[in-house]
Amino acid sequence: YSFCTLLISSILLIMSTIVPINGGGSQKRYGTAPQAPTDTKYEEVDHTEKAREAPLYLYISHFVSTFDDRLWQFAVPVMLMDVWKETLFPAAAVTFSTNILTCLVMPYVGAWSDTHDRLKVLSLSIFGESMCIIIAALLLYLVAAVSEDPNYPVWTTTEIILFTLLCLANAATEISMRVGQQSLEKDWVVVIARILDEPTSEMNRNMRTIDLGCKLLGPACFGLFVQFSAESPLEKLSNALVLLVVWNIIVIPLEYFTVSRVYHSIPALGTKNKSARPITNPVSVLIEGWNAYWEHPVSKASISYGFLWFTVLDNGVLMTSYLKWLGVAEGPLGISRGVGAIFGIIGTWMHPSIVRRVENDGTAGLMFVWGFWLLLVPVGVSFLLFGGSTTSAITMIASVTVSRALLWCFDLTIQKLLQDTVEESERGVINGVHTAVTQLMLVCVSIAGMFFPKPADFGNLVAISLLSVLLSAVGYTRWFAKYDHH
């Protein structure tokens, strides 16, 4: 399984950068939603060899960064369950603190990025993410080392302090990652596509294919490494932490080299219509950012998309922890995530063809979001009939895996909408609040996880998740009816 998983993911990642993509679907716009003006006077289309190599280095940087993200995101719940084996509370607490801090900070960070040079923003993101992962990994090791009895519910003062620092380090990691991801996908891609006279939909799909390929490769590598590296849980944890620290020391110079190469290959990246919004009082910046977001017509579609994140049916921390509680080993957990990523990649390849057939991006979005909900319904039916059984677990894994195809199709629809309708000087703050909305939904998931901390109560979380996805589909349908005119 390990060789097949790694081979398939490698092939898919290579194809994402060399297979030409024909069209990005209909160019019809979204009713009265404003079209993003060309704020910066970009230079003429550049077909020089130096400019043409920019996407390759962009994809390499995105692969290294995303692989690091996926490795860490999968490692956190696995390592937490190695320390606290009988409760989902630590995993839920880490997720809650990370998401609430990200929700509060991202609008400010997004507004800050609108006023600073693109390379500076991305460089700080690269360095900050890797250093925070290293610090968080060391803190997790210290938590495990000082825990006399991890199953005992009463924590010592030292454990509480270390765990609090771990939550803060993990939140800083998430914020740094989100800043880099937002900058590349919502800003750099738009500029590079215009300079090279290529459709943004092509680069979007390549970037998403790399992202989903890393969803396959990262968890599979980590899960198999941990499963076969040692016998005892503490030795497995130690080996995993060494892997994470060494990898993050290596990726800092590699990521910086690739993004710097892209930046200097496309001179237009150095020209930016910066926001005139003063970055002084964080509270006022936060309020102004949310006001700008709320007044923009894209916000209603963005909020509908955000409800898709209020779910445990996502191969995330709570679902992974629950399956591990049922006795599923690290290797199969990583592979199941990987198979879900394969379906997601299939979805990204299907996306342009489906949009062309229906001749409208908004209509295709309706098909994607309602289809996604219908694919998750069997999970609720299974928990209703069989409870928290093996049958329900298998149904959940199968439904979540297959549904990734339509989820990422809908994700591409929303991403294209944000790229097309948000002005250059507002990309940071609008996309920052968009990220905050998704993180707010994840906060709600964390609260639900802490309210139902016992794995035996996981069925309640499934019911909440299905309701949230249904609200997403209804909300997007209302936005479509108001703004998407044929």
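Are Arg427 and Asp187 buried or exposed? Arg427 is buried, and Asp187 is buried too (buried means under 20% relative accessible area, exposed over 50%, and partly exposed in between, with a 1.4 Å probe and protein chains only). Keep in mind that this is a predicted model, where local features need pLDDT of at least 70, side-chain atom pairs count only at pLDDT 80 or more, and totals for chains, interfaces and linings use all residues. Residues are numbered from 1 along each chain as its sequence is written, and side-chain values use heavy atoms, leaving out hydrogens and water.

**Salt bridges overall**
- Side chains of opposite charge can pair when their charged atoms come close.
- There are ten salt bridges in the structure (each is a side-chain nitrogen of Lys or Arg within 4 Å of a carboxyl oxygen of Asp or Glu).

**Arg427 and Asp187**
- These two form a salt bridge, with their closest N and O atoms 2.8 Å apart.
- Arg427 sits in helix 15 (residues 427-451) and Asp187 in helix 6, so to speak distant parts of the chain, 240 residues apart (helices are DSSP runs of H or I, at least four residues, numbered from the N terminus).

**Arg208 and Glu185**
- Arg208 and Glu185 pair up in a salt bridge at 3.5 Å, N to O.
- Arg208 belongs to helix 7 (residues 200-229) and Glu185 to helix 6 (residues 157-196), so their pairing ties together parts 23 residues apart in sequence.
- Both Arg208 and Glu185 are buried.

**Arg261 and Glu53**
- Arg261 makes a salt bridge with Glu53, and the closest N and O atoms are 3.2 Å apart.
- Arg261 is in helix 8 (residues 233-265), while Glu53 is in the loop between helix 2 (49-52) and helix 3 (54-83), so the pair ties together parts 208 residues apart in sequence.
- Arg261 counts as partly exposed, because its relative accessibility is 30%.

Technical notes. Helices (H or I, at least four residues) and strands (E, at least two) are DSSP runs, numbered from the N terminus.
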